[in-house]
Amino acid sequence: MAEPTTRPRRRTQGERRAETKRRVLDAAVDCLVEDGYANLTTGRVADRAGVSRGAQLHQYPTRQELVVAAIEYLAQQRAVGLREEAARLPADADRIATALALLWSQFSGRLFQAGIELMVAARTDPVLRAALTPFERELRRLSRELAAELFGPRAVAHPDFRDVVTLVLNSMYGIALHRLMQPTSAVKRQLVLLERVVRQALG
């Protein structure tokens, strides 16, 4: 007698909605990085995500809402990855070198590329600027939290830690921008110097 086949579990409406949202946000990030904000349209994102335009517009009615949600989604994904890396660090790890390397990874991937696209566009788009400003504040807060987890409690206890993190984030942002014009060797030298400064500052 043949055994009864097990039917795959049908996804709930909430699961289907979450999957649609994920596909739309992934597609928005891809369009933003590859084509730029000027060429991004909600219709193009819907086509790339393989969803109906109605479904995409139901989630994010405007282009500005869509791109800000997409970069928030990307930042949250990256934060989860960094926290997992921080949790795996051994007790005797060189926290400064590892923390700087992981923070720099935020400035060398899709999150940074998408952010630059939106910041440039926001200069002349007041609606986008208004939507992006709260995210920028939240990203700064999240970056500080991640830095504290990556550097570890000993560094966090240093009285200058907050100022050092600000210096690190601002420096990395500038280095990442200049990297578009500078050879890789120059960027590496700047990162080595930044690590030396951080070690001296944190004693």
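Let me start with one term: a residue is partly exposed when its relative accessible area falls between the buried limit, under 20%, and the exposed limit, over 50%. Take Leu193 as the test case. Its relative accessible area is 45%, so Leu193 is partly exposed. Keep that in mind. And keep in mind that this is a predicted model.

Now the overall fold. The chain has 10 helices and zero strands. Read along the sequence, the pattern is α-α-α-α-α-α-α-α-α-α. The C-alpha trace spans about 65 × 60 × 30 Å along its principal axes. There are 203 residues in the chain, and 37% of them count as buried.

Next, the inside. How many residues does the largest nonpolar core have? The count is 32. The residues with the most contacts inside this core are Val24, Tyr37, Val45, Val67, Leu118, Leu128 and Phe135. Who supplies the core? At least two residues each come from H1, helix H2 (42-49), helix H4 (63-87), helix H6 (110-122) and helix H7 (126-151). H4 gives the most, with nine residues. As a general point, nonpolar side chains in soluble globular proteins tend to be buried together.

But some nonpolar side chains sit on the surface here. Back to Leu193. Leu193 belongs to helix H10, residues 184-202. Together with Leu167 and Val197, Leu193 forms a nonpolar surface patch. The accessible area of the three together is about 220 Å². Patch members need over 30% relative accessible area. Leu193, at 45%, clears that cut-off.

Five arginines gather in a patch of positive charge on the surface: Arg10, Arg11, Arg16, Arg17 and Arg23. Look at Arg23 for a moment. Arg23 sits in helix H1, residues 13-35. Its relative accessibility is 31%, so Arg23 counts as partly exposed.

Now salt bridges. A search of the whole structure finds 11. I will pick out a few.

First up, Asp47 and Arg53. Their closest N and O atoms are 3.1 Å apart. Arg53 is partly exposed, at 47% relative accessibility.

Then Arg199. The side chains of Arg199 and Asp94 meet in a salt bridge, 2.6 Å from N to O. Why look at this pair in particular?

Arg199 has another partner. That is Glu195, with the closest N and O atoms 2.8 Å apart. Here both residues lie in helix H10. They are four residues apart, about one turn of the helix. Glu195 has a relative accessible area of 25%, which makes this residue partly exposed.

One more item. Salt bridges with shared partners join Arg83, Glu138, Arg141, Glu145 and Glu149 into one network.

To recap. We have a predicted model with 10 helices and zero strands. The largest nonpolar core has 32 residues, and H4 gives the most to this core. On the surface, Leu193 is part of a nonpolar patch, and Arg23 is part of a positive one. Arg199 pairs with Asp94 and with Glu195. That is my tour.

Methods:
Residues are numbered from 1 along each chain as its sequence is written. This is a predicted model: local features need pLDDT of at least 70, side-chain atom pairs count only at pLDDT 80 or more; totals for chains, interfaces and linings use all residues. Side-chain values use heavy atoms; hydrogens and water are left out. Patches are made of residues with over 30% relative accessible area and no salt bridge: like charges are joined within 9 Å, nonpolar side chains (Val, Leu, Ile, Met, Phe, Trp, Tyr) within 5 Å. Accessible areas come from the Shrake-Rupley method with a 1.4 Å probe; for residues, only the protein chains shown count as cover. A salt bridge is a side-chain nitrogen of Lys or Arg within 4 Å of a carboxyl oxygen of Asp or Glu. Buried means under 20% relative accessible area, exposed over 50%, partly exposed in between (1.4 Å probe, protein chains only). Lys and Arg count as positive and Asp and Glu as negative; His and the chain ends are not counted. The place of a charge is taken as NZ of Lys, CZ of Arg, CG of Asp or CD of Glu. A nonpolar core is a set of buried Ala, Val, Leu, Ile, Met, Phe, Trp, Tyr and Cys residues joined through side-chain atoms within 4.5 Å.
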